[in-house]
Amino acid sequence: MKSKPDLGFWKLWNLSFGFFGVQIAYALQSSQVSRIFSTIGADPHDLSYFWILPPLMGLIVQPIVGLSSDRTWNRFGRRLPYLLFGALVAIIVMCFLPNSGSLGLGVSQAIIFGLVMLMFLDTSINMAMQPFKMLVGDFVNEKQKGLAYSIQSFLCNAGSVVGYIAPIVLALFLSNTAPAGEVPPTVTWAFYIGAAVLLLCVVYTFAKVKEMPPAEYALYQGAPEPKGDKPGLIKLLVRAPKVFWTVGLVQFFCWAGFLYMWTYSTDAIAGHSFGAPAEQRVTGVTIDGKAYDDKYLFNGRRPVITDGQLAIAGFYIDGDWAEPRTVVIDGDTLIRDRQIVRDAAGSLKLTPAPTGKVTVAEAGRTIVIDGYPAMSVASGVEAVSEMSLIEPGTALTLAHIARPDGDGSYTLEQTSTLPEIDSPESISVNYTTVLNAASKQYQDAGDWNGVLLAIQAVAAVLWAVVLSQFRNRRLGYSLSLLIGALGFISVYFITSPALLSVSYALMGCAWAAMLAMPFTILTNALSGSHIGTYLGLFNCTICIPQIIAALCGGLVLHCFPPAASGAPLTVAMLVVAGVLLLLGSAAVWNIRETFGSQQPAR
């Protein structure tokens, strides 16, 4: 078997250049999909479950692509046909996904359409991403694989930066707002531009990369397996070199840790570094001891709970009853459309009590009702929620989605009818304490989180260059994860938003190693006709940890006491991520590198 020749820098570059376009698509998916679903009308409490889809699709698709491409030989090549098909599907889906709320569908149908698009987007991204890893395994010798995967890591992170900042940059030219239920033009055009860049990258790859014909490939990788010996995925797993499993253990710790960062980062810095206010959010009701949790509750067609807030039925003003939709006290709007208004910081101006009654204003203040000056309050104003007016025999309607129709009525979707109320004492309100996502502090934290992710990606680009200079791969790998772990843990001790950039830059060192080192070490241990299959199977060490982490995240978060505000202490989840990376750093030293040319024939 011949040794693969050294390749020039630009040949190594061309093998991975398409990764730039693929990663723009991936960055847009990871940073904007939750925003798209929230805009359409999805319940924020359900968003985490949507994110099980991407790693689940990767778990299914990448091994299949790897196995199939190992057995593919045609006029377009061996790996490139899968790149072409995956990229074309991704381009089409990227044009549809941000328009899910603009197709005239109901909220439920728009969410289902968006979920289908998300499934196809992640499937196609995985299909387009996998061939680039395989091309490096096919073309590059052991000596240059570290450099090749560092170039791939550089392009990956460069694409991430472009994807993360695209909507912010487009906000200089396009509107960042849109009608209710529709995605802003900044996000829509970011997806369009990402799709165009991905198309150009695929065209470039096809123009610059020519795969080896079977006979030439056999000279470098060994003769193809006899037709009668076509082992399946399970048999190949049994035959996998030990390094497959030892590197896979490191992968488990790393990807579980980063999943927690992606999930909890915004909430963590909002509460810890930006001082976002907490709020009591209504989650549902308890009737005769049984809880019914959802975001909308109706008594007939009148809202009782609207998007986690109690609807106001009316007021006792100095003992007199009034039913205004809008209440302004001393020029300050407290009630608008029968909903409690938040102050400039986003805090509730009125805190609902379990009884459903709230003190609005003390004596001596001027009140304006529905635009008309009413009176100077002598003794006080008390708001009464719709909840407190429910009478025995009332049958309530619970709705997952309620869309206001503009005439005071609502279109309800995913509804259920609750048992009749026997007495007012048989029903109570359920509350949870969360950070107020509508507050200025929270939104500022969300914007800053995008900047921090871009800083992380830039740091990863720079560290990838340093990482390629390490002669001892295990040392470089372990050190990078250790630095990243310190970055995660340091967030707990940093309250300055500016200093958080240092923490995220340290996380970028771990990210660079996670993208480059595992595939360098694994492909060096592989030879023969199953490289693509093993790389596809190895992707399970990325997907499975994320699925497990997503399923366990809520349970882990409940292990920590709430913050002083009463909101969940999400910053602790970044400490958990740091501990996971520390375990990964230690597990690196269990890896024993081997090389495919030294492996006995199987």
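In this predicted model, Gln23 sits in helix α2, which covers residues 18–40. Setting aside neighbours within four places in sequence, what does Gln23 touch? The contacts are Met129, Cys156, Gly159 and Ser160.

Helix α8 takes in residues 185–208, 24 residues in total, and spans 34 Å between its first and last C-alpha, close to the expected 34 Å at 1.5 Å a residue. Its buried residues include Phe191, Leu198, Val202 and Phe206, and also Gly194, Ala195 and Cys201. Three threonines, Thr186, Thr188 and Thr205, are on the buried list too, along with Val187 and Ala190.

Helix α14 runs from residue 500 to 524 and has 25 residues. From first C-alpha to last, α14 reaches 37 Å, close to the expected 36 Å. Still, α14 has a bend of about 30° at Met514, with a proline, Pro518, following within four residues. Most of α14 is covered, with 21 of its 25 residues buried.

Now to the strands. Strand β15, residues 396–404, is also mostly covered: seven of its nine residues are buried. β15 pairs with strand β3 (residues 296–299) in the antiparallel sense, over four bridges; here Phe298 has Thr397 of β15 as its bridge partner. β15 pairs with strand β16 (residues 410–417) as well, again antiparallel, this time over seven bridges. In that pairing, Pro404 stands opposite Tyr410 of β16. As a general point, side chains in a regular strand alternate between the two faces of the sheet.

A separate topic is the open sheet of three strands, ordered β2-β1-β17 and paired antiparallel. β2 (290–293) and β17 (427–435) are the edge strands, each with a single partner, so one side of each has no neighbour in the sheet. From one strand to the next, the twist averages 40°. How many bridges join β1 to β17? Strand β1, residues 278–287, is joined to β17 by nine bridges, and the two run antiparallel. Among the residues involved is Gln280, whose bridge partner in β17 is Thr433.

Note on methods
Residues are numbered from 1 along each chain as its sequence is written. This is a predicted model: local features need pLDDT of at least 70, side-chain atom pairs count only at pLDDT 80 or more; totals for chains, interfaces and linings use all residues. Side-chain values use heavy atoms; hydrogens and water are left out. The expected span of a helix is 1.5 Å times one less than its number of residues. Buried means under 20% relative accessible area, exposed over 50%, partly exposed in between (1.4 Å probe, protein chains only). Two strands pair if DSSP finds at least two bridges between them. Axes are lines fitted to C-alpha atoms, for helices over the stretch in contact, and angles run from 0 to 180 degrees between N-to-C directions. Contact means heavy atoms within 4.5 Å. The bend at a residue is the angle between axes fitted to the seven residues ending there and the seven starting there.
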